[in-house]
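Hi there,

Here is the structure I promised to pass on.

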Amino acid sequence: MECGSCSSSVGGGARALWCGKGLVSTHKMVPFRISLGVKSEFLKFNPCPGLGFLYSMQHSNHKIKVQLKSSQKMHPSYASVIKAEHPQNTDLPRYYSRKEKKPFPVPIVELRRAARERIKKRKGQPRRPVPPPKNGMLVKSFIPIAYDVYNSRIALINNLKKLLRAVPVHACKSHRTVLTASIQLCRYCNEIHVGPTGHPFRSCTGQNASARRGLHDWTTATVEDIFLPVEAYHLYDRLGKRIPHDQRFAIPRIPALVELCIQAGVDIPDFPTKRRRKPIIRINKSEFVDADESELPDPDPKAPKPPILTEIPDFEIVGPSNEEETTLLAEETLQVWEKMRKGAQKLMKLYPVRVCGYCPELHIGPSGHKAQNCGAHKHQQRNGQHGWQSAVIDDLIPPRYVWHVPDVNGPPLQRELRSFYGQGPAVVEMCMQAGAAVPEQFRGTMRLDVGIPTDPKEAEMVV
């Protein structure tokens with residue numbers, strides 16, 4: 001594409017035109033390509049010192065091709081790659097429809113290759129003792145982490161209840177009656193929005209969406225719309241037999257993150273669990289017996305235990321009184337949220353978490369349950385059985401992405417500029433609007449460093 005209206009000159013023996021797609025040379029020159037987006041230390045040589053303006057663009061993601069004319073003998077082309085630790089613009093994780101199966105976190109080919117290597121290394125070697133937690137014992141170094149994750153979850157829920165009194169939030173879900181009036185949700189679908197008013201995008205897929213032409217119907221919601229309550233079965237013995245289909249209603253279901261903390265060492269009186277003090281004696285791959293613990297002394301019930309937080313009732317919630325308290329509360333909420341996710345990731349490395357590849361069902365334990373309650377696409381072919389695979393942190397703690405509002409006090413989001421807006425987790429967006437700084441890993445998806453046109457006419461001029 002030629003652009004006759006834009007012209008510029010570049011010193012150092014090179015003349016070029018700046019157009020929508022980059023620099024276009026006016027002479028036949030030696031090609032020289034620079035891909036921008038990294039650290040400047042890697043750029044070891046500058047064949048054309050007149051291109052100093054490229055240093056100011058090192059943090060962008062554009063690719064510029066410059067045709068250079070040089071009297072020196074050099075190679076036909078030089079490529080210098082510059083990469084940033086956090087890109088300026090990042091896409092969200094791919095959304096998988098109900099008809100698609102989620103991919104394995106580690107490809108099945110690599111899992112088989114790793115298994116063959118383990119078998120090859122163990123060949124001819126004596127059998128090693130099974131380490132915890134596979135032998136029924138707890139990992140002592142992970143017990144404090146489990147208490148931190150559990151308390152972080154309670155602190156996050158309490159802080160979100162307080163933030164909802166100061167930050168308006170909208171969501172799109174089934175209508176329910178709540179005490180807080182600062183969060184809104186749609187009556188028909190499960191989309192939420194953080195901001196003074198709901199977004200104007202026609203993306204509702206709920207009941208009677210065609211009659212409303214895809215517009216959302218915003219109404220009041222609760223904390224559960226921001227921090228999704230993912231549940232799982234509570235296991236009294238995490239090494240016991242798998243839950244059969246006929247016992248699916250007899251076993252209690254609790255938040256999946258709470259069940260993970262219980263299996264990692266958190267003691268909650270309401271949810272008792274079996275604690276072994278000696279490793280199990282394994283007979284074969286699927287059978288074992290418990291070791292005799294009769295000669296061991298009884299555990300001291302008065303032994304000090306780490307403190308456990310409790311949720312604050314809704315009628316006792318008091319929101320921040322001024323802007324300074326709101327900012328401090330937002331910063332604390334963001335720190336608690338990151339601490340909870342990082343701690344849960346550490347626990348998932350030793351205590352396995354399974355997720356169905358077709359539906360959001362979770363199971364905390366070495367193998368999934370046998371309850372035939374999968375209602376995903378073509379579940380009749382599987383007789384309702386789940387397709388268990390290893391879970392990731394977003395399965396255990398869904399981030400719940402929402403549209404990012406560039407200016408809360410400015411004009412609302414415009415439907416024509418939808419492609420320019422970014423998205424981020426609902427908790428991060430709430431804390432940012434309350435005054436907290438956005439973590440670096442979310443700046444790319446929220447597009448904080450991307451310029452947004454003021455009106456559709458200006459957007460049409462963007463190439």
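A definition to begin with: a residue counts as buried under 20% relative accessible area, exposed over 50% and partly exposed in between, with a 1.4 Å probe and protein chains only. Please bear in mind that this is a predicted model, where local features need pLDDT of at least 70 and side-chain atom pairs count only at pLDDT 80 or more, while totals for chains, interfaces and linings use all residues. Residues are numbered from 1 along each chain as its sequence is written, and side-chain values use heavy atoms, with hydrogens and water left out.

First, the overall picture. The protein chain has 463 residues, and 40% of them count as buried. It holds 8 helices and 18 strands (DSSP runs numbered from the N terminus: H or I of at least four residues for helices, E of at least two for strands). Among contacts (heavy atoms within 4.5 Å) with a separation of 6 or more, 69% join residues 24 or more positions apart.

Now the aromatic rings. The whole structure contains 3 aromatic pairs (rings of Phe, Tyr and Trp, the last by its six-membered ring, with centres within 6.5 Å; planes under 30 degrees apart are stacked, over 60 edge-to-face and the rest tilted). For Phe-201 and Tyr-421 the centres are 6.3 Å apart and the planes are at 40°, so this pair is tilted. Phe-201 sits in the loop between β8 (192-194) and β9 (218-220), and Tyr-421 in the loop between β17 and β18 (423-425), so the pair ties together parts 220 residues apart in sequence. Phe-201 is buried at 1% relative accessible area, and Tyr-421 is buried too, at 6%. Together with Trp-403, these two residues form one aromatic cluster.

Trp-337 and Phe-442 make another tilted pair, with 6.0 Å between centres and 45° between planes. Trp-337 belongs to helix α4 (residues 323-350) and Phe-442 to the loop between α6 (426-433) and α7 (443-446), so this pair links parts 105 residues apart in sequence. Both residues are buried.

Finally, a pocket that may interest you. The second largest pocket has a volume of about 2,200 Å³. Of its 47 lining residues, the closest to the centre are Tyr-95, Tyr-96, Asn-190, Leu-228 and Pro-398. (A pocket is an open set of points on a 1 Å grid over the protein atoms alone, where a 1.4 Å probe fits, with protein on both sides within 12 Å along at least five of seven lines; lining residues have an atom within 4 Å of a point.) β17 gives the most to this lining, with 3 residues.

Best wishes

Definitions and conventions
Grid points are joined across faces, edges and corners, and a volume is the space filled by probe spheres set on the points.
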